[in-house]
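This briefing is for a reader meeting the structure for the first time. Please look over the sequence and the model before reading on.

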Amino acid sequence: MAILAAGTLALTLDLLLLDATGLLAETLALLSRWAGPAFTLTWGVGLAALPVVYTLGRTHPRLHAPLRRRGATPVSGMRGFWGLLSAYWTSERWVEAWSLTFAVFAITTLISKSSVWAATSSADFLNSIVSFHAPSEGVDPVAILMASVAAFAGIYLARYGAIGFRHFVSATLHRKARGWTQGQFSAAMLGQNHIAMSLMSNRDAGPNAVGRMPDNVDQRVDECTNNMFGGIIGLAMGIWGSVTSIYFVSSAIIARSVEVPFLERWFAAAGAAATDAFGPAVGAALTFSPGAYGSALLVAIVIALYVPFGTFCAWLLGRVLERQTLERQSRDGTWRGELNEMLSRSNQLAISGGQRVQQQTNGKLYAGIDEVWHRMNITQAGFMMFTNSYNFLSKRLVSYLPALPGYLSGALTFRAYSATSELAAELIEDCSWFIQVMPAIATLKANAVRLTEVANAIEAASDRQAFYSQTGVNAFRHPVQNPRFGLTLKNVELRHRGKDAEPFLTVPHINIRPGQWAYVRGQNGSGKSSLMKAIAGLWPYGSGDIVHPEGARMFFAGQDPDLPTRLTLRELICYPDFGGRFTDLQIAAALSEVGLGKFIADVDDDLHHGKPWNNVFSGGQRQRLVLARIILQQPDVLLLDEACAALDPLATLEFHRLIADHCPKAIVISIMHTPEPPVAPGGKTFYDNILYIEDGIADIHALGQPAKVVDQIAAE
């Protein structure tokens, strides 16, 4: 056992297998003595091939390729129960997955075989106690007792050591499978089609709204992946352990089986009755004598009657538990979602004084959790009482009945009777694996359902046009044109959600060439920000052509910049690019130019005096940081949606000057809270055009020229 454990350890720790050859030879020798040449050949070929397959899997491109073709998103294959469970084992990391899985199965097989050794050592220990005062001639009872104690303790300790090592290997498999799956969901939600934003756009809709993001995605992806893989790995070990243990234990029971006299009489009487009823020929065909397999047949009969009854009861309780688990998870998700929403609007809540109403809402939601939790406690208590009673009866009564006739008739010694009974208890436990894992199955299915709902929602949102067409009009086209023609909007209509929603903003035709700046003017609520989002491809509802310069890099700067909390200052300046793209000199120069030079020494810190950077910068400093990003990245199309709102007039002027210096050929479209665009000290304006929005129609003209009459625009 120690040799096999060492061999499996070499197989699995970091999956290196540097000295596995000698260990394989010794392992195969043990397997040959346990189960014969056929078993040895099967496992020997697998164990010998495993290190080769894993080593090639790290270098050979075909073994590194996924076994299943990928769909539109990384989670396309996880929209069903079996697709979700098998995704990791058919991914590009299938060699890693199956290496660990095979190792778990190998250790489980060893543990199953050890159950026979444990049962026989237990019988030897009991027999040495019973025969202590009446030992066989020439036998030292003390030596026999001490040897049986040593064997009993050694086998059980070694078995529990193998169980602990299997836990380590299975936990490694669990960790890697969960990490890979979480990575796939993260990559899917952060795809290029703004999937996360699309799903969250309908979060204010009803619970059954089309295209709505499922509640508590964080909980689903985090807790459900953890519980699901823990459950499936445990179930797989249980099933394989039961199968192998049934084989080993059944073989041991058959080897110890003896004739049972009353069975011989019963079968003889049954044969005689069949002869009287149907004639000698039929009677001879129906006459059966179990012979030396009598006690083994009694074990089989007891298991055939006892286990199915217990399994049926566990199945009934498990179905109830599965429904309650799913309901509990859903109610927990709703409660956490409301709590997060409450915390996000805590300022508004305090100003409005709505704490009592919010407390009432929280109380109602938690009352739902408490109610289903109460029902789950009743079901779980009933299941626990049932399983404990079932296990006690099987180990202390039922398992001792089949071999009792053989012992009473004198055909079995006490040692053989004890060993057979212990083996029968092991066999009943192995055949009852479904009862033991029924709660795990219920939890597994509930977690899988919640994850497949997220995968289906992501898949639906991956086709942006089809997704938004379910809840409104989405007929935007985004062709490209020669960069010298700039940005063109033609026959663009912006709408809100709803199939019957009328356009709230129409853009007949505007064009902005490279190097031109356009200042957007319109009343509050006229659709200025919506137009900017439409140009960036973020507005979901409407129609028309938005033609971008081919290969253009776009940068959208809003009033409230995006400052993730777990990034260093270097990474925040380079965002959304990675921190290593720009040199230290470039970063330091950008910080100095925008007036944040005092932070240059802290550029590689993720905290400033113990606080995250988004809590360090004021509103104006946040917008200066965005200006540093613009200076570094030098976009071709720059959209400024009140990006200077927190800056004073002089800082706003400097903001524009730096953009003009560093992005001289960029197309700049800007929304500002001032009635007029800023003008340089020499009187030169930064903007070439005014983009008017009036009465739901957008028009552009050169700065200093009057706008077209709205009626004329509408007529055109």
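The model is a predicted one. Two of the residues described here, Ser76 and Arg68, lie in the loop between α3 and α4. Ser76 is buried, whereas Arg68 is partly exposed.

**Ser76**
- The loop that holds Ser76 runs between α3 (61-64) and α4 (81-86).
- Ser76 has a relative accessible area of 8%, which is under 20%, so this residue counts as buried.
- Its side chain comes to 3.0 Å from the backbone nitrogen of Ala72, and a polar atom of that side chain lies 2.8 Å from the backbone nitrogen of Thr73.
- Leaving out residues up to four places away in sequence, Ser76 touches Gly71 and Glu459.

**Arg68**
- The relative accessible area of Arg68 is 30%, between 20% and 50%, and therefore the residue is classed as partly exposed.
- Arg68 and Trp89 are separated by 21 residues in sequence, and their C-alpha atoms are 9.6 Å apart in space.
- With residues up to four places away in sequence not counted, Arg68 touches Gly77, Gly83, Ser86, Ala87 and Thr90.

**Nonpolar cores**
- In soluble globular proteins, nonpolar side chains tend to be buried together.
- The largest nonpolar core here has 73 residues, and those with the most contacts inside it include Phe185 and Ile458.
- Beyond its neighbours within four places in sequence, Phe185 is in contact with Val75, Met78, Val221, Leu451, Val454, Ala455 and Ile458.
- A second, separate core has 45 residues, among them Tyr519, Cys574, Leu653 and Ile659.

How values were computed:
Residues numbered from 1 in each chain as written. Predicted model: local features only at pLDDT ≥ 70, side-chain atom pairs only at ≥ 80, totals over all residues. Heavy atoms only, no water. Helix = DSSP H or I, 4+ residues; strand = E, 2+ residues; numbered from the N terminus. Buried < 20%, exposed > 50% of the residue type's maximum accessible area, 1.4 Å probe, protein only. Polar contact = N/O pair within 3.5 Å; in protein donor to acceptor, adjacent residues only side chain to side chain. Contact = heavy atoms within 4.5 Å. Core = buried A, V, L, I, M, F, W, Y, C linked by side-chain atoms within 4.5 Å.
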